[in-house]
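Hi everyone, thanks for making time today. I'd like to walk you through one structure, so please have a look at it while I talk.

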Amino acid sequence: MTNQKAALNPIWLTMLVAAACLGAPQRGFAQDNSLFGSVETSVTDSIAGGNAQTSSVAGLAPYGQILSGGVKAHLIERSTFADGELYIDDTLAWLGGSDGGMLSNTLAQGYIAVSPLPELTVVVGKRRISWGAGYAFFPGDLINPPASPDNRSTGFSGILATIAPSASFTLTAAVRFDTAFPELATLSGFTPTVAGIAPSSLPFLAAYLQSVPDNPWLSLRYVLYADMLFGNLDLYAASTYQYNSVLRPAAGFSIDLGGVIANGELAVEFSNSSLYPAASSAAFARPALGTPFPIFTVGLQRTVTSDAGSYAITAEYLYDGTGYTAAQEATVSGDLLQAFSALGGSASVAKLRAEYASADASSSAWFSSGSVLPAFGRHYAAVSLSASAGNAFEATAAGLVNLQDGSFAVQPELRLRWQSGVDLFARAVAAWGPNDNSEFGLLPTPVTVTTGAVVHF
Amino acid sequence: MRNLYPGIIIVIVCTFTSNLYAQDLSAEQIVRKAEQSVYPDSFVMRATIETLKSGEVESRMDMQIRYKRGTGTRIELLAPARSHGIRFLQKEGNLWMFNPRAGSGQAIRLSPRASFQGTVFSNRDVGDPQYTTDYTVQVVGHESIDVPGSGQVNAIVVEGLARNAQIAYAKVRLWIRASDYMILKAEYFAKSGLPFKTVEFTNIRNLGGRERPSVLRMLSLDQKDRVSVMTIHDLTEDPAMADAIFTLSALTR
């Protein structure tokens with residue numbers, strides 16, 4: 001879960017009010033104005049594991065004590081009008097813990113779509129482009145906010161136009177505004193998470209290295225995305241561009257091979273100022289502007305639904321060529337240390353340099369005053385398993401492995417469809433690895449278990 | 001006895017002429033007419049699928065279905081509450097699902113041959129009810145079959161073989177009313193050649209401007225105590241439906 005404090009931006013507030021003014025939502029077969037969603041209440045507990053440093057840094061309670069509890073309402077409102085549609089996907093949450101409660105609002109999507117022609121749709125607001133065919137990895141996707149396997153629902157703020165001359169070909173052009181005007185993004189601080197575990201960060205370093213140019217209009221981000229269907233082969237091609245920051249063309253496919261869906265995507269990063277996934281606090285690398293850095297993913301997915309139940313298996317591999325090579329690290333680290341020193345961290349520079357010098361090039365962990373720069377890998381694997389029995393029971397497990405250093409995070413979940421519209425669930429989250437420091441934070445993390453109930457409406 | 005002669009003659013003449021008429025049409029044309037007796041080429045309909053096990057309701061789903069021949073099918077679930085908003089897009093034998101409630105902002109690609117949400121219907125049965133595009137058909141005979149509410153009905157029997165391995169069933173056998181090409185019953189076969197499912201088209205009423213079956217009753221021959229029943233509540237022909245509705249971009253809106 002990635003709830004964050006977020007002021008209700010006036011733009012989104014206006015859209016929410018507009019949605020409310022469209023009238024009372026109707027249920028059943030009515031589609032002109034539809035409101036649906038869920039209310040979830042849960043408690044999270046730490047049951048085992050974790051090292052002392054983790055508990056200290058994260059401020060976790062002793063094992064066996066409730067860490068947090070809360071309630072959240074997920075609302076989806078869709079209203080259609082002549083040649084258009086208003087869509088809002090919003091989550092309002094209250095999360096209580098040992099240090100008090102926090103109310104947060106997350107607008108995943110909120111936009112107005114207008115179709116002046118049957119083949120043309122123009123969208124203004126916060127919208128997500130459904131990118132490619134992958135499950136966990138989207139190497140070319142730098143237009144949607146950073147992805148993670150457990151939450152990819154958030155859109156970007158901007159404007160996009162989609163032309164569909166036929167049902168088998170669509171071309172989308174989009175401009176993302178919140179890269180230039182962060183106040184547009186209620187989730188501007190969103191960080192990549194894996195199974196709910198966010199990597200540590202060095203905010204001051206990120207601010208220095210991801211500074212916005214004086215003219216914010218130069219920070220607009222553009223994307224062209226084309227999707228074509230040839231028989232059972234779905235092809236897509238895209239390119240993302242932002243002045244002095246991003247140039248990443250990409251192409252991908254998915255194909256149905258007798259019930260097994262194979263997918264792949266290749267992107268090439270020319271600017272190298274964004275790691276995968278984007279906007280990580282560690283996205284400081286730019287050692288070789290103009291040098292092509294490949295990023296690719298391949299995956300297989302099999303979903304079978306039968307009379308008795310269903311199961312699904314998904315496996316994906318990612319090679320991330322962005323960031324540093326070992327040789328580049330040696331070159332860039334000097335600049336990095338200078339930057340750190342210039343920011344007033346001279347007292348810690350010696351420690352940082354010493355840690356860097358002793359670290360392994362591929363899995364180095366850099367310490368500064370209490371913060372950890374995560375060691376990103378170049379080889380990843382994501383696996384997801386799910387099974388359901390009848391209409392009553394569902395079990396899922398998702399995992400992400402950094403093949404570089406062997407660290408991994410897992411999130412199993414059991415869900416019981418208890419009553420009509422009411423689910424009970426139990427979900428665990430944990431990460432382990434051979435090294436103390438990883439992109440999942442300090443390892444091992446405590447095993448946390450969240451139990452709760454969801455009422456759908 | 002003498003009063004029965006005109007009736008018998010009429011039945012014989014009608015049967016003879018309808019068979020003659022049927023013989024004028026190719027098997028593909030007959031099946032095409034049968035398809036149109038169920039659905040027009042472009043429509044929006046609202047339906048419910050209820051699955052019963054041993055006579056007890058196991059699940060119930062309300063949905064809206066948009067279909068355009070040669071373009072695609074889009075299904076949106078309206079009930080139960082936990083499934084409200086889930087959408088399916090099927091075109092050219094490909095299937096995608098999008099769940100706006102999930103953390104995934106992605107449409108997930110699925111196999112169209114699998115069961116539709118645990119019902120006896122396959123995804124293809126619900127999403128793309130076109131036999132002529134999926135099967136190579138031929139007339140194999142005529143039968144008199146018992147149709148509830150209509151008694152004995154003279155039917156043309158057509159068999160179809162799947163054009164490729166992506167099709168849900170290896171073979172289908174259709175019973176089509178000879179008088180007006182209304183489809184009455186279909187039997188679906190697995191790759192092994194064994195009968196797999198049967199579907200009966202009943203409760204004929206006015207839908208979309210003509211008489212059509214409004215209830216499709218699908219029985220699993222594997223699990224004889226399970227049956228899924230699709231009831232069509234309303235159907236509107238919409239020839240002007242935009243192709244853009246059947247895109248992945250529109251699916252995730």
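Let me start with a question for you: which strand does S12(A) join, and how many bridges are there between the two? The partner is strand S13 of chain A, residues 309–320, and the two strands run antiparallel with 11 bridges. Before I go further, please keep in mind that this is a predicted model.

If you want to find that pairing on your screen, look for A:Ile295, which stands opposite A:Asp320 in S13(A). Now step across to S16(A): S13(A) pairs with S16(A) too, again in the antiparallel sense and over 11 bridges. Here a handy landmark is A:Ile313, whose bridge partner in S16(A) is A:Leu385.

Let's stay with S16(A) for a moment. This strand covers residues 379–389 of chain A, and A:Ala389 is found in it. Is A:Ala389 buried or exposed? It counts as exposed, because it has 12 C-beta neighbours inside 10 Å, and exposed means 12 or fewer. For a sense of distance, A:Ala389 and A:Ile261 are 128 residues apart in sequence, and their C-alpha atoms are 22 Å apart in space.

Next, the place where the chains meet. On this interface, 48 residues of chain A are in contact with 46 residues of chain B. Several strands of chain A give two or more residues to the side that touches chain B, among them S1 (33–49), S2 (66–81), S8 (221–230) and our friend S12 (293–305). By type, that side of chain A divides into 24 polar, 13 nonpolar and 11 charged residues.

Over to chain B, then. This chain has 13 strands and 5 helices. It has 253 residues, of which 46% count as buried. If you take its contacts between residues at least 6 apart in sequence, 48% of them join residues at least 24 apart.

And finally, the cores. In soluble globular proteins, nonpolar side chains tend to be buried together. The largest nonpolar core here holds 65 residues, and those touching the most other members include B:Val31, B:Trp96 and B:Ile183. Which residues does B:Val31 touch, leaving aside those up to four places away in sequence? They are B:Tyr131, B:Thr132, B:Val137, B:Val158 and B:Leu174. Apart from that core lies another, of 40 residues, including A:Ile143, A:Phe156, A:Tyr380 and A:Ala430.

That's my tour; over to you for questions.

Notes: Residues are numbered from 1 along each chain as its sequence is written. Chains are lettered from A and ligands numbered from 1 in the order in which they are written. This is a predicted model: local features need pLDDT of at least 70, side-chain atom pairs count only at pLDDT 80 or more; totals for chains, interfaces and linings use all residues. Two residues are in contact if their C-beta atoms, placed from the backbone, lie within 7 Å. Helices (H or I, at least four residues) and strands (E, at least two) are DSSP runs, numbered from the N terminus. Ala, Val, Leu, Ile, Met, Phe, Trp, Tyr, Cys and Pro count as nonpolar, Asp, Glu, Lys and Arg as charged, and the others, Gly among them, as polar. A residue is buried if 20 or more other C-beta atoms lie within 10 Å of its own, exposed if 12 or fewer, and partly exposed in between; C-beta atoms are placed from the backbone. A nonpolar core is a set of buried Ala, Val, Leu, Ile, Met, Phe, Trp, Tyr and Cys residues joined through C-beta atoms within 7 Å. Two strands pair if DSSP finds at least two bridges between them.
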